[in-house]
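Please keep the sequence and the coordinates at hand while reading.

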Amino acid sequence: MSDVVTGDAVVLGLQPARLPSRALAVLIDLVVVWAVYLLVTLGLAVATASLDEAAVTAVSIASFLLILVGAPIAVETLSHGRSLGKLACGLRVVRDDGGPIRFRHALVRGAMGVVEILMTFGVVACVASLVSERGRRLGDVFAGTLVVRERIPAARALAVPPPPPWLVGRFAGLDLSAVPESLWLEIRQYLTRARELDPVVGRRLAERLADELVARTGTPPPPGVPADAYLAGVVAERQTREARRAFGSAGVAGVPGAAVMPGAAGVPGPVGGAGAVVSGAVGTSGMSAPGFGPPVAPSPVAASAVAPVVVSPVADAQEPTAPATGFAPPA
């Protein structure tokens with residue numbers, strides 16, 4: 001990684017492209033440009049067959065400059081440093097401060113590329129890229145640009161090993177508010193790579209990290225607990241607290257602590273015999289079921305809003321009669 005300082009004094013960590021990837025990108029660009037140049041040259045040879053030798057020479061020079069020099073400059077300017085070869089290899093041309101290039105940067109790089117790449121078959125560019133600390137050729141030096149890698153393989157995430165079972169929950173009362181994030185990062189890196197370290201070096205590193213953790217928390221580890229097990233237990237306790245803080249406040253069905261009782265509206269209750277009363281609200285019948293407290297007097301508003309419905313098995317068995325509305329249905 002290379003530290004690039006922007007105009008706002010911000011340090012960017014960019015990975016400069018080295019010679020193999022840059023050479024592959026240039027090779028792809030040259031194959032495409034030369035293929036286009038040959039096709040255009042054949043077309044111009046047919047079109048200028050009737051012209052004199054001076055006109056043919058002028059057309060050839062113009063096609064060379066427009067296709068082999070002007071086309072790469074235009075592509076880099078319009079794509080902000082991504083030519084076809086660089087796009088295929090995951091590269092990009094940026095300024096020294098990490099910003100996108102403009103026409104003047106692409107013009108200087110293209111003009112120097114004629115000497116570095118076309119006239120010397122890339123020898124000067126290869127030597128300059130090998131000598132430069134950040135793999136820059138002469139065109140990058142004069143233009144103030146840098147070719148960086150855009151596609152960087154992601155690092156493999158390593159899981160922190162769990163603590164011993166007999167240490168789970170032992171550090172529930174530990175105060176972790178004074179532990180900085182840098183110390184947590186060091187502990188996590190040690191725990192994820194403890195098996196790759198030498199046993200003696202790993203034990204010394206674990207003891208040093210444990211001493212720093214004790215100095216921050218003010219509580220020594222339990223007697224007989226190794227330093228690596230102590231670190232794993234404290235990290236597991238921190239992860240548990242973060243998970244509880246993130247997911248512990250979620251309610252059930254949107255109403256935390258809501259209770260559902262039989263007999264409420266939409267909830268099936270016990271089926272009674274004849275004369276059983278089904279109420280749509282609790283306390284509207286003026287009676288109290290066992291275990292629900294003393295009887296409550298019915299409220300006039302509740303009694304008028306929700307009227308009890310009398311369900312009788314005898315009435316259900318009989319044929320329902322039509323209400324007396326004064327209207328006789330047609331025969």
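In which helix does Ser 63 lie? Ser 63 is part of helix α2, residues 53–78; helices here are DSSP runs of H or I with at least four residues, numbered from the N terminus. The model is predicted, so that local features need pLDDT of at least 70 and side-chain atom pairs count only at pLDDT 80 or more, whereas totals for chains, interfaces and linings use all residues. Residues are numbered from 1 along each chain as its sequence is written, and side-chain values use heavy atoms, with hydrogens and water left out.

Ser 63 counts as buried because its relative accessibility is 8%; buried means under 20% relative accessible area, with a 1.4 Å probe and protein chains only. A polar atom of the Ser 63 side chain lies 2.7 Å from the backbone oxygen of Ser 60. Leaving aside residues up to four places away in sequence, Ser 63 touches Tyr 37, Leu 44 and Leu 68, where contact means heavy atoms within 4.5 Å.

Leu 68 also belongs to the face that α2 presents to helix α4. Two packed helices are described by the angle between their axes and the distance between the axes. For α2 and α4 (residues 103–119), the axes come within 9 Å and cross at roughly 135°; axes are lines fitted to C-alpha atoms, for helices over the stretch in contact, and angles run from 0 to 180 degrees between N-to-C directions. The two helices are therefore oblique to each other, the class left once angles under 35 degrees (roughly parallel), over 145 (roughly antiparallel) and 65 to 115 (roughly perpendicular) are set aside. On the α2 side the contact includes Phe 64, Leu 68, Val 69 and Ile 73, and on the α4 side Phe 103, Leu 107 and Val 114 are among the partners. By class, this contact has 9 nonpolar, 2 polar and 2 charged residues; Ala, Val, Leu, Ile, Met, Phe, Trp, Tyr, Cys and Pro count as nonpolar, Asp, Glu, Lys and Arg as charged, and the others, Gly among them, as polar.

Val 114, in α4, counts as buried because its relative accessibility is 14%. Its C-alpha atom is separated by 7.3 Å from that of Val 69, 45 residues apart along the chain.

A second pairing joins α8 (residues 199–217) and α9 (residues 227–247), whose axes come within 8 Å and cross at roughly 50°. That angle makes α8 oblique to α9. Among the contributors are Leu 209 and Leu 213 of α8, and Tyr 230 and Leu 231 of α9. This contact has 9 nonpolar, 1 polar and 2 charged residues.

Definitions and conventions: Buried < 20%, exposed > 50% of the residue type's maximum accessible area, 1.4 Å probe, protein only. Polar contact = N/O pair within 3.5 Å; in protein donor to acceptor, adjacent residues only side chain to side chain.
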